[in-house]
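Dear colleague,

Please find below the structure that I am handing over to you, together with its sequence.

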Amino acid sequence: MATRNEFEDGLKRIEELTTNADQIQEEILSLTFDRIANGEPSNILLAESVLEFFRSSGTSGGQPKLIPVTAETLKLLPISSALLTAVMKKHFGNLDQAVKSLEFQFAKEETETPCGLKARAATTSMYKNNDYRNIISKHHTSPIEAIFCSDTNQSMYCQLLAGLIQPDEVVMVGSQFATALLRAIKFLEGYWKELCSNIRSGQISDWITDSGCKNAASSIMKPNPQLADSIHKICSCESSEGIIKKLWPNAKFIRAITTGVMSQYVETLEFYSGGLPLVSNTYVCSEAFCGINLEPLSGPSYVSYTFLPTTAFFESLPVNNNSLSLSQEVQFNYASQHEPVEKKSNNENIEPIDLVHVKLGQYYELLVTSYAGLYRYKVGDVLKVTGFHNNTPQFQFVGSQNVILSIDTDKTSEADLVNAVREAKTLLDPLGFILTGFTSYADTCSIPGHYVLFWELKAKQGNDSIELDPKIMEECCYRMEEALYYIYRSCRKRNAIAALEIRVVKQGSFDTLMDYYVSRGVSTSQYKTPSCIKSKEAINILESKVIRKFFSPKIPM
Ligand code: AMP
């Protein structure tokens with residue numbers, strides 16, 4: 001953990017970096033390219049050897065990718081993390097005394113590529129780093145053995161147990177993305193009786209057979225009937241509302257990414273959090289550690305990430321409204337703020353803009369030129385400039401560019417879909433339901449095709465099965481259609497697209513979907529529920545769990 005001076009240095013460093021972003025970006029560029037131009041050997045762009053590959057999750061839309069990693073990449077990660085720690089310390093005080101984080105983390109097995117180099121999730125690579133392991137052992141409740149257990153359930157049991165038996169030490173509860181934390185809370189809802197009985201007796205469950213988990217859990221367990229009673233009292237309430245704050249009374253905040261497609265989980269997390277602030281503090285992808293949130297206490301809809309100009313050479317491609325529909329707000333922004341370069345209809349002809357020269361209010365697609373050989377690489381994310389810290393732009397995460405539902409001339413982006421779902425789910429609130437998961441696909445089996453949304457719902461009170469009012473569910477379908485981009489609605493009017501359908505699935509269906517992706521190689525820590533699914537197998541999983549179907553009753557205005 002960093003000392004006081006290191007924290008202050010961290011904050012000072014952020015000021016320097018964000019003030020000199022332009023110059024730093026220039027230096028990165030000249031270091032990477034001028035050396036080659038000046039006759040250095042032929043290892044074009046990539047002066048260092050590739051040590052391993054980061055395997056991206058691919059669940060936010062595209063295919064999983066293998067991103068080259070060099071020693072330089074690995075060096076940058078802890079430097080960027082230290083800046084993040086400095087910001088957290090500024091807002092939450094000393095997190096490095098006798099206090100701990102309950103952060104659900106899951107390593108994923110590495111694979112070997114044909115060239116003999118390892119491919120692993122970026123988070124797994126981080127968990128293997130000795131310095132990070134040191135931090136985990138001192139300042140996290142989760143035993144490292146549990147993080148490395150390949151059985152998600154055993155790992156979850158062990159990580160939860162370790163958190164539950166140290167209720168007063170925990171100051172932060174979280175996971176990299178909101179999905180893993182919610183999975184842990186659901187696990188708790190299913191296993192709390194067993195966990196209480198284990199804490200009462202000091203014995204761990206028989207089904208914990210993984211030797212690492214078993215040893216780690218056994219070594220920290222002692223019979224504690226008083227604690228078991230208190231957990232029992234909290235978990236046996238009819239509603240799990242506020243359960244995180246009740247179980248960990250000294251927790252100051254919840255840390256998990258809740259922007260972009262993760263924004264669908266804000267309401268569920270708020271339900272469980274008991275008023276703790278939700279902190280979404282990094283924008284990181286396998287390609288680069290892009291940015292940090294300098295105002296961790298800003299609510300999820302106001303989060304902006306300030307770019308770290310040292311981590312890569314960043315450029316931004318203005319988003320063209322012919323290639324991306326996004327919401328009407330974007331259309332409006334285009335109409336009011338366009339520049340000649342952005343008016344070109346062909347995205348190919350648009351020139352990328354340097355990081356520091358982006359314009360306030362504009363939407364951009366991120367391009368990364370990395371130290372590890374990526375050249376103007378499209379990460380696939382769309383960002384909106386919301387401000388500047390010194391000279392460095394701050395971006396709001398809008399959504400993935402490549403997730404698009406399309407039947408006819410309509411092109412619905414992830415942001416459109418998230419927005420439409422947000423509109424529709426306001427109808428569920430008065431009924432006491434929470435939408436705990438959604439995804440979609442374009443069903444073209446019948447003509448015309450139509451959008452299908454899978455929804456998983458949960459009642460705020462009790463665990464009984466929920467009674468759905470068909471009128472309200474049909475209204476939800478209609479609200480979504482109304483919220484979608486005007487080209488979608490005009491396709492509906494001329495019957496080029498049939499009525500939008502919501503298929504309600506059984507509780508736990510989205511856990512099964514996650515298990516499916518994890519079984520295909522995705523890391524639990526980096527998993528993001530896909531907002532749109534293309535795989536037939538994944539669609540079939542949800543299809544087999546459908547309990548009710550509802551259609552939009554009329555053509556949207
Ligand atoms: P991965 O390639 O598996 O590392 O996942 C990286 C992707 O996760 C990014 O390209 C984004 O689409 C998404 N992501 C990362 N950070 C955030 C964030 N703060 N908010 C929303 N989405 C994010």
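Strand β9 supplies the largest share of the shell around the ligand, namely 4 residues. Please bear in mind throughout that this is a predicted model. The shell consists of 18 residues, and those that come nearest to the ligand are Ser57, Thr259, Thr282, Ser286 and Asp381. Domain 1 (4–302) and domain 2 (316–400) each contribute at least three residues to the shell.

Thr259 places a polar side-chain atom 2.7 Å from a nitrogen atom of the ligand. A polar side-chain atom of Ser286 is found 2.9 Å from an oxygen atom of the ligand. For Lys528, an N or O atom in the side chain is 2.9 Å from an oxygen atom of the ligand. The ligand taken alone exposes 500 Å², of which the protein buries 94%. Two or more residues of the shell come from each of the elements β9 (282–285), β15 (377–389) and β16 (392–400).

As regards the chain as a whole, its secondary structure amounts to 19 helices and 22 strands. The chain has 557 residues, and 56% of them are buried. Of the contacts between residues at least 6 apart in sequence, 71% join residues that are at least 24 apart. The chain exposes about 23200 Å², and carbon and sulfur atoms supply 51% of that area.

Gly10 belongs to helix α1 (residues 4–19). With a relative accessible area of 8%, Gly10 falls under the 20% limit and therefore counts as buried. Leaving out residues up to four places away in sequence, Gly10 touches Leu83 and Ala86. Gly10 and Leu83 are 73 residues apart in sequence, yet their C-alpha atoms are 5.0 Å apart in space.

The other residue, Ser125, is part of helix α4 (residues 122–128). Its relative accessible area is 7%, so Ser125 is likewise buried. Apart from neighbours within four places in sequence, Ser125 is in contact with Glu52, Phe54, Leu74 and Arg120.

Most residues other than glycine have a negative phi, and most peptide bonds are trans. Against that background, which residues does a cis peptide bond join? The bond in question links Ile447 and Pro448, with omega at about -5 degrees. Pro448 is located in the loop between β19 (433–443) and β20 (450–459).

Arg376 is not a glycine, yet its phi is about 45 degrees. This residue, Arg376, sits in the loop between β14 (363–369) and β15, and at 35% relative accessibility it counts as partly exposed. Asn390 is not a glycine either, and its phi is about 50 degrees. The loop between β15 and β16 holds Asn390. Its relative accessibility is 35%, so Asn390 counts as partly exposed.

Yours sincerely

Note on methods
Residues are numbered from 1 along each chain as its sequence is written. This is a predicted model: local features need pLDDT of at least 70, side-chain atom pairs count only at pLDDT 80 or more; totals for chains, interfaces and linings use all residues. Side-chain values use heavy atoms; hydrogens and water are left out. A residue is near a molecule or strand if one of its heavy atoms lies within 4 Å of it. A polar contact is a pair of N or O atoms within 3.5 Å; within protein, one must be able to donate a hydrogen and the other to accept it, and residues adjacent in sequence count only if both atoms are side-chain atoms. Accessible areas come from the Shrake-Rupley method with a 1.4 Å probe; for residues, only the protein chains shown count as cover. Domain bounds come from an automatic or database domain assignment. Buried means under 20% relative accessible area, exposed over 50%, partly exposed in between (1.4 Å probe, protein chains only). Contact means heavy atoms within 4.5 Å.
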